[in-house]
Amino acid sequence: MTKAPATSKNDRRRHDREIIALAVPAFGALVAEPLFVMVDSAVVGHLGTPQLAGLGIAAALLMTAVSIFVFLAYATTAAVARRVGAGDLPAAIRQGMDGIWLALLLGAAVVALALPTAPWLVDVFGASDTATPYAITYLRISILGIPAMLVVLAATGVLRGLQDTRTPLYVAIGGFTANAALNVTLVYGAGLGIAGSAWGTVIAQVGMAAAYLVVVIRGARRHNASLRPDAAGIRASARAGVPLLIRTLSLRAVLMIATAVAARLGDVDIAAHQIILSLWSLTAFALDAIAIAGQAIIGRYLGANDEKGAREACRRMVEWGIGSGIVLGVLIVLARPLFIPLFTSDPSVKDTLLPALLVVAVSQPIAGVVFVLDGVLMGAGDGRYLAWAMLVTLAVFAPVALLVPSLGGGLTALWWAMTLMMAVRLITLWLRTRSGRWIVTGATR
């Protein structure tokens, strides 16, 4: 951890208030996102198994696209927060608009590429003959909502940088409610089937993007910030996003390798792995909420040239990460008799699941620190280091994970490899924060 002077109780309480004020709404918004897919699945599931299978394939492709472009939120948060810390709100909003324009350009490019290739993308996922037409229908319609999805990511970053995580929560709740109502109305009321589900989601996404744009445009007018696209600013946003894109792709590669290895272990292992991965993703939302608070807070302190405040906030958030990890680990152990039966009744899956689940529980404090330090370095705009650190992590993890089946290891061994991955991330991030090289003050990095 970066060295910081001892902080008083008042300082700790001030940091705690900031973290809670940003992290709690951020957690709510994060949880609302996967609920979109859950609503679609619940509604489409009653149409039939082929329709649900088609939705599953299309949703996987769409979620992959969103995860790849999540750098739009991360990079924008850090850049805007720095400007806020420097006291230049017009420049902060101008910076945010550059991110939103970049999102629109990327969204248009994705639509142009994905629309004609939708059948090929579905085929790559190995869809059955019965599920394929439904997957293509859902995907082609949902692709039209991708520009709105990317605008939501960038605009969320703008508001987080402005230290506002409540508005994204309200927009997420509104989007979720609209999506649920539209799905039921269009699928059953209008008789559109799976196409109605896709149109309902697209309309909800466009509505969310519009709500964000109204908020950002009002802020721009209030502070006399230009709304016009600026080529230099858009290029700068893209350059800031490239390292975070590499980091995200490397992390996705880790998860894909883990799933591929679990599949090679057998049906029981892959079933248990998917259950654990779902739980792991849920705990990640809680820890990511603290990381989001870290992005906004650290960026603001550095923009205000407050190196001491940045160091103290970093230290306090690490303490929050450790504490949250311990609590989540204990909850996993204590609640396992309650949630395991919700996922499976197969004794073989339960027997395979349990020891691997305990490994996940033990690793939660490590994950807590990793998520926090990841957020701190993102807030500092240290994307290049994050990219290299994640590539190193992937290089360590991949051979270890791929050796699990050949060495006779099972799912528990695979999740020990996942814990190794998190430990490597912890080491790389800890060394960076301890060195202090991430601390670059000023309105821009």
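Helix α8, residues 194-222, comprises 29 residues and extends 43 Å from its first C-alpha to its last, close to the 42 Å expected at 1.5 Å a residue. Helices here are DSSP runs (H or I, at least four residues), numbered from the N terminus, and the expected span is 1.5 Å times one less than the number of residues. The structure is a predicted model, in which local features need pLDDT of at least 70 and side-chain atom pairs count only at pLDDT 80 or more, whereas totals for chains, interfaces and linings use all residues. Residues are numbered from 1 along each chain as its sequence is written, and side-chain values use heavy atoms, with hydrogens and water left out.

Helix α8 is followed by N224, which has a positive phi near 55 degrees. Within α5, the buried residues include A135, I136, Y138, L139 and I141; buried denotes under 20% relative accessible area, exposed over 50%, and partly exposed the range in between (1.4 Å probe, protein chains only).

A nonpolar surface patch is formed by L144, L192, W199 and I203, with about 360 Å² of accessible area together. Patches consist of residues with over 30% relative accessible area and no salt bridge, like charges being joined within 9 Å and nonpolar side chains (Val, Leu, Ile, Met, Phe, Trp, Tyr) within 5 Å. Accessible areas come from the Shrake-Rupley method with a 1.4 Å probe, and for residues only the protein chains shown count as cover. L192 lies in the loop between α7 (166-189) and α8 and is partly exposed, at 42% relative accessibility.

The whole structure contains 10 salt bridges, each defined as a side-chain nitrogen of Lys or Arg within 4 Å of a carboxyl oxygen of Asp or Glu. In helix α11 (residues 307-343), E307 and R311 are four residues apart, about one turn of the helix, and their side chains form a salt bridge with an N to O distance of 3.2 Å. E307 is partly exposed at 37% relative accessibility, whereas R311 is buried at 16%. The side chains of E319 and R316 form a salt bridge at 2.5 Å, N to O. These two residues, E319 and R316, are separated by about one helical turn because they lie three residues apart in α11.

D16, R316 and E319 are linked in a network of salt bridges. D16 is located in helix α1 (residues 9-45) and is buried, with a relative accessible area of 15%. The side chains of D16 and W320 are joined by a polar contact of 2.8 Å. A polar contact is a pair of N or O atoms within 3.5 Å; within protein, one must be able to donate a hydrogen and the other to accept it, and residues adjacent in sequence count only if both atoms are side-chain atoms.

A further salt bridge joins the side chains of R445 and D382 (3.3 Å, N to O). This pair links distant parts of the chain, with R445 in the segment after α14 (411-435) and D382 in the loop between α12 and α13, 63 residues apart. R445 is partly exposed at 42% relative accessibility, whereas D382 is buried at 4%.
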